[in-house]
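Take a look at the model below.

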Amino acid sequence: MPPVAAGDAAKWALLLRQLGTTSSMEEAVVFAVENPGKADEFVAAAVSWMRVNAGLRMRILMAIDQICARASAAPSAEASGSRPAFVNAVRAYMTLMFKALLLRDGPTQPPADMTVRVRKLLQKWEKRGTFSAAELGDARSLLDAAEGTAPAAAQPTDRGARHEEEAGIRPGSSGGDISARGGRIAGGGGGGGREAVWRRAA
C-alpha cells in the first residue's frame, strides 16, 4: 500500500483536530470513506491523536464508528461481500486503539459515562456484524480493566498491538507519528479486607 501523501496526511490531521462540530465530523467521515487505500495510515494517525489528546478520544471513536458504517454500506462493499479496508484497519489496530481510549497512567479511571458509551458501541458493532465477538474480545477486556471489573488488561493479539510492542506511539507526538515505545500502563492492585476469625473457647 502506498504511503499517505503529505497533503492527505495533513488534511486528515486537521480534520481530527476539528472534530468538535457536526460539520467537521461529516467531512472527516467522507474523506476517509473516499480514500480506502489510505485506511491503515488514517487509523494509525487517529490512534496517535487519541493517545495525546484526551478531549478528542470519544469524538475520534465516534468518527471511526461512522466511517465503518458508511464504508460497509457502500455499494462496492455490498457488491463484493468483502470487509471494507477501513474496517480491516480498525480491526488491525483494535487493541492499540482501546488502550489509547481507556487506559491511563496511574490509578485514574475513565469517567463512568464514557465507559458506558464505549460498551454500547461494542455491542452495536457486534450486533450489526461490523466485528465478531472474538474480534471485540480484547476491547472488552480493556474496558473491564478500565472499569475495575477485571484484574488485568487484555494481552495484545492483533497487528496494532504488535506494532505497539515493536514501536509504540510517542506520548508527545502529533497525529500519525508512531515512532517510539509508548508508556506502559501499570495494572492496579487491590488490598484485601481483614477476615475476623472467632474461636470458641474450649
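This is a predicted model: local features need pLDDT of at least 70, side-chain atom pairs count only at pLDDT 80 or more; totals for chains, interfaces and linings use all residues.

Residues are numbered from 1 along each chain as its sequence is written, and side-chain values use heavy atoms, leaving out hydrogens and water.

The pLDDT is the predictor's confidence in each residue, from 0 to 100. Its mean for the protein is 76, and 64% of the residues reach 70 or more. Confidence is highest in helix α6 (residues 85-92), at 96, and lowest in helix α10 (residues 159-166), at a mean of 49. Helices here are DSSP runs (H or I, at least four residues), numbered from the N terminus.

Now the rings. Rings of Phe, Tyr and Trp (its six-membered ring) pair if their centres lie within 6.5 Å; planes under 30 degrees apart count as stacked, over 60 as edge-to-face and the rest as tilted. This rule gives five aromatic pairs. One of them is Trp12 with Phe31, stacked at 6.4 Å centre to centre, with 25° between the planes. Trp12 sits in helix α1 (residues 6-17) and Phe31 in helix α2 (residues 22-33), 19 residues apart.

Phe31 also stacks with Phe42, at 5.5 Å centre to centre and 25° between the planes. Phe42 lies in helix α3 (residues 39-52), eleven residues from Phe31. Together, Trp12, Phe31 and Phe42 form one aromatic cluster.

Buried means under 20% relative accessible area, exposed over 50%, and partly exposed in between (1.4 Å probe, protein chains only). Phe31 counts as buried because its relative accessibility is 8%. Phe42 is buried too, at 1%.

Terms used:
Helices (H or I, at least four residues) and strands (E, at least two) are DSSP runs, numbered from the N terminus.
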